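Student: I would like to learn how to read this fold. Where do we start?

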Amino acid sequence: MTTPYTPAYDIYLGEGDGSWQEVSRYQVWNNRYPLSEPPLSVVERRDGNVLRVPDNVRLMHRIPAGTPYHVEHLFGFWRTTGSDTIFIRAEVEDNVYYTIFVGTHATGFGIETLAWYCPRCAAEVRALTFDLKRFGLQQFWTFALAQAREFNASPAARTCGGCGHIHPYAYGWEPQADQPTEREGRTLW
Amino acid sequence: MFAVVGVDRPIEQVVNDWDFLDEKIVKKFTTWQEVGGNIIGIRRREITLKEIIDPKKGKFNSVTMTPDGLISKNHKALKMHITPGGVPHRVEHSFGFWHVNDMDELYLPIPAAPGEVHGHFIVVMQTPTEKEGESFAQYCQVCLTLLHEHYFATGREGFTNLWHAERIAIGTYNSDPKLRHCPECGHDNPIAYCANMVKDTPEQAEARRLW
């Protein structure tokens with residue numbers, strides 16, 4: 001058995017199918033959307049506060065390892081990665097090109113967290129961990145969708161223990177897999 | 001949706017350097033910066049869907065050594081390129097050696113924003129640790145035989161000492177004509193030069209024009 005030698009990888013932004021790719025020691029996602037569509041804005045939690053990253057015409061933002069973040073309309077939960085996530089946004093003519101990549105080399109890489117926080121009082125409603133290094137990226141998104149559906153299945157699971165607010169519906173990665181509740185969630189947040 | 005729990009201050013008052021492409025922040029990245037788990041460089045260049053032009057060094061042709069020979073990376077706008085660790089690569093007229101990095105290198109050229117001349121050429125690699133590092137290598141320009149290699153353990157020695165290692169590598173190779181003479185095909189190869197043009201001797205400036 002031989003390992004194929006790949007001296008270079010090329011990824012043309014906006015030309016893929018919108019799925020994540022594992023490329024050497026990076027996990028890469030990119031896609032292109034019309035400028036008229038709602039922006040995929042990054043929000044992240046720092047010290048319990050929610051910070052919104054402005055949708056600059058050119059943006060390169062680092063989400064540090066261990067920082068929960070959510071990209072609006074892209075995935076319906078808060079994700080925490082074990083190594084830094086880089087988010088890039090570029091408006092070109094009538095489109096916006098988004099790129100996200102995560103390096104898999106960091107010693108902390110591997111354990112991912114999915115969580116939902118109350119949008120009213122910021123308390124944690126539900127949190128889970130996933131061993132990405134062991135089970136792989138594709139399994140992570142499968143797991144995330146399953147957990148989102150479990151979260152959506154009962155109002156009790158979505159109710160904040162602190163203030164009683166009911167969290168909106170969660171959703172997974174692929175819009176084409178959305179059930180009606182997930183579609184509603186994706187539209188909202 | 002998170003308006004209630006959102007902070008009432010702008011993000012720049014809470015997080016330093018939250019947008020690396022911001023005009024005030026991007027200047028820091030003209031030299032490599034270690035940020036969290038990555039080392040990042042951002043260069044302002046003319047970036048189109050066909051090519052990239054370095055304002056100082058001219059047309060940007062990055063070359064990779066493969067089992068099938070040398071191939072051009074053909075960098076252009078909106079095309080991400082990843083050179084995996086261990087693959088020799090160089091940029092013609094930009095640095096006069098082959099860079100062999102233990103770490104993957106990720107390149108992403110973003111075209112100029114409306115009203116601007118230069119786009120952003122983003123280069124990212126993950127931070128090496130312990131024994132991980134990189135080589136400054138020389139190969140025969142005719143038959144690609146390895147002539148000289150200077151390895152630097154960046155993870156252990158620190159990224160800030162890399163340029164000193166580069167000078168040692170170039171100086172050693174240039175000081176001995178025997179190193180530049182290919183034992184396989186007999187070709188006498190030109191001298192090497194550093195990435196920073198300011199360090200060029202007249203002979204190295206000539207070599208930069210050549211290769």
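Tutor: With the elements. Helices (H or I, at least four residues) and strands (E, at least two) are DSSP runs, numbered from the N terminus. Chain B has 5 helices and 13 strands. This is a predicted model: local features need pLDDT of at least 70, side-chain atom pairs count only at pLDDT 80 or more, and totals for chains, interfaces and linings use all residues. Residues are numbered from 1 along each chain as its sequence is written, and chains are lettered from A in the order in which they are written.

Student: What is the strand order in the open sheet of chain A?

Tutor: Two strands pair if DSSP finds at least two bridges between them. Here the order is β2-β3-β10-β9-β6, with antiparallel pairing. The edge strands are β2 (21–23) and β6 (58–63) of chain A. Inside the sheet, β9 (residues 85–92) and β10 of chain A pair over 8 bridges. Ile88(A) has Thr99(A) in β10(A) as its bridge partner.

Student: Which residues have the most contacts inside the largest nonpolar core?

Tutor: A nonpolar core is a set of buried Ala, Val, Leu, Ile, Met, Phe, Trp, Tyr and Cys residues joined through C-beta atoms within 7 Å. Buried means that 20 or more other C-beta atoms lie within 10 Å of the residue's own, with C-beta atoms placed from the backbone. The largest core has 63 residues, and Phe77(A), Met80(B) and Leu106(B) have the most contacts inside it. Strand β10 (residues 95–103) of chain A gives the most, with 6 residues. A second, separate core of 16 residues includes Phe136(B) and Tyr173(B).

How values were computed:
Buried ≥ 20, exposed ≤ 12 C-beta atoms within 10 Å, placed from the backbone.
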